[in-house]
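Subject: Handing over a structure, with notes on what was found

Dear colleague,

Please read them with the structure open beside you.

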Amino acid sequence: RKIEIRIGEKEDEPIFMITDLLPHLSRKQYKKTLDEAVMAEELNVLVGSVPVKDKKIKSKVKLAVLKYLNDRFGMTSEDFFSAEIRAVPDAKARDLGFDRSMVAAYGQDDRVCAYASLAAMLEARPAAKTQVCLWIDKEETGSEGNTGAQSLFFENFIAEVLEKAGSKASMAEVFKIFERSEALSSDVIGAFDPDYKYVYDPLNTARLGYGVALERHTGAGGKYYTSEASAEYTQKIRKILNDNKVIWQTSSLGKVDEGGGGTIAVYMAKRNLEIIDIGVPLLNMHAPMEIASKADIYSAYLAYKAFYKN
């Protein structure tokens with residue numbers, strides 16, 4: 001049976017930690033690059049220290065932890081194979097700054113865009129065209145699997161809609177629909193950080209508090225894994241934002257030769273639909289606490305709402 005496990009959100013509940021090497025013994029670690037200094041197998045979560053009182057048992061603390069999980073949730077060691085248990089930062093979302101103009105929270109990439117998209121979708125009115133909002137899994141790991149953007153679940157969904165409407169549900173019809181469709185890829189964008197300005201192009205970088213960011217190109221090095229919205233579609237989105245008085249800005253993910261990144265836009269574009277990236281700029285992206293401007297979140301909500309309207 002399915003069991004939901006949630007520990008650490010209440011003040012009287014315990015938290016868990018991953019230990020770190022003390023600086024007094026870190027000379028060898030300091031000589032390594034950042035991607036080598038802490039290996040994945042060293043990120044072990046500390047969950048207990050009191051052993052069971054049984055001299056015959058070798059892994060006394062392990063058994064004590066398993067006993068706790070069994071008593072509370074009915075779990076056994078085999079259940080770990082199929083369980084989805086995640087350890088996440090325990091800090092709650094907080095207002096940031098004296099003026100409370102920003103939000104500091106875990107996982108804003110990409111909950112913040114998902115939230116704004118949902119809020120806009122719930123307020124969207126029926127229109128001449130079918131409106132769809134997708135929340136897609138595994139974007140950070142390649143969009144693979146049956147819940148990722150590279151899955152055919154979207155094609156299957158459109159085919160089912162056609163079938164319910166009494167139309168042909170062939171793949172040819174599905175691809176015709178994609179060809180006539182327009183989309184936004186709502187994903188966060190790295191905001192300019194003056195402490196690390198050497199990796200940003202100050203003339204083409206989103207800034208906190210300047211509105212939702214429109215990113216026409218994604219990829220790396222200007223050549224690899226590139227997805228690019230057409231000039232005509234970019235102009236159409238510009239007009240929608242301007243006509244609806246949405247505050248927006250342009251952006252890229254840092255200097256061309258400094259790295260790069262992508263979103264699900266490249267996989268949705270393979271379906272031959274028009275798509276462009278538009279989302280909330282973030283500081284501290286992928287850190288335990290990410291930072292967004294409340295003004296930018298609101299601008300994203302208005303942008304998605306205007307897109308549905310038009």
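A residue is called buried when its relative accessible area is under 20%, exposed when that value is over 50%, and partly exposed in between. Please keep in mind throughout that the model is predicted.

The chain as a whole

The chain has 310 residues, of which 31% count as buried, and it contains nine helices and 14 strands. Its C-alpha atoms fill a box of roughly 75 × 55 × 40 Å, taken along the principal axes. The chain exposes about 21,600 Å², and carbon and sulfur atoms supply 55% of that area.

An open sheet is built from three strands in the order 3-4-14, with antiparallel pairing. Strand 3 (94–96) and strand 14 (290–293) are the edge strands, since each of them pairs on one side only, and the twist from one strand to the next averages 35°. Strand 4 (residues 102–105) and strand 14 run antiparallel and are joined by four bridges, and within this pairing Ala105 has Glu290 in strand 14 as its bridge partner. Helix 9 (residues 294–309) packs on the sheet, where it touches strand 3, strand 4 and strand 14, and its direction makes about 70° with that of strand 14. Helix 4 lies across strand 4 and strand 14, and runs at about 30° to strand 14.

Which residues does Ser299 touch, not counting residues up to four places away in sequence? Ser299 is found in helix 9, and its contacts are Gly211, Val212, Val246 and Ile247. Ser299 has a relative accessible area of 6%, so it is buried.

The hairpin of strands 8 and 9

Strand 8 (residues 217–220) and strand 9 (residues 224–228) run antiparallel, and three bridges join them. The hairpin has three residues between its strands, and in it Gly221 takes a positive phi near 65°. His217 has Glu228 in strand 9 as its bridge partner.

Glu228 also meets the side chain of Arg216 in a salt bridge (3.6 Å, N to O). This pair links distant parts of the chain, because Glu228 is in strand 9 while Arg216 is in the loop between strand 7 (212–215) and strand 8, twelve residues apart.

Other salt bridges

How many salt bridges does the count come to? It comes to 13. In one of them Lys176 is joined to Glu173, with the closest N and O atoms 3.6 Å apart, and both residues lie in helix 6 (residues 171–179), three residues apart, which is about one turn of the helix. Lys176 is partly exposed at 38% relative accessibility, and Glu173 is partly exposed with a relative accessible area of 25%. In another, Glu4 pairs with Arg6, the closest N and O atoms being 3.0 Å apart, and Glu4 is exposed, with a relative accessible area of 61%.

Is Ser143 buried or exposed? Its relative accessibility is 1%, so Ser143 counts as buried. Ser143 lies in the loop between helix 4 (108–122) and helix 5 (153–164), and, leaving aside residues up to four places away in sequence, it touches several residues, including Asp137, Lys138, Ile264 and Tyr267.

Glu258, in the loop between strand 10 (248–250) and strand 11 (260–261), counts as partly exposed at 46% relative accessibility. Not counting residues up to four places away in sequence, Glu258 touches Tyr198 and Val199, and its C-alpha atom is separated by 8.3 Å from that of Tyr200, which is 58 residues apart from Glu258 along the chain.

Leu43 is in the loop between helix 2 (34–37) and strand 2 (45–46), and it is partly exposed, with a relative accessible area of 46%. Together with Phe16, Ile18, Val38, Val45 and Val47, Leu43 makes a nonpolar surface patch of about 470 Å².

Note on methods. Residues numbered from 1 in each chain as written. Predicted model: local features only at pLDDT ≥ 70, side-chain atom pairs only at ≥ 80, totals over all residues. Heavy atoms only, no water. Patch = residues over 30% accessible without salt bridge, like charges linked within 9 Å, V, L, I, M, F, W, Y side chains within 5 Å. Areas by Shrake-Rupley, 256 points an atom, 1.4 Å probe, with all protein chains shown as cover. Salt bridge = Lys/Arg side-chain N within 4 Å of Asp/Glu carboxyl O. Helix = DSSP H or I, 4+ residues; strand = E, 2+ residues; numbered from the N terminus. Buried < 20%, exposed > 50% of the residue type's maximum accessible area, 1.4 Å probe, protein only. Contact = heavy atoms within 4.5 Å. Pairing = 2+ DSSP bridges. Axes fitted to C-alpha atoms, helices over the stretch in contact; angles between N-to-C directions.
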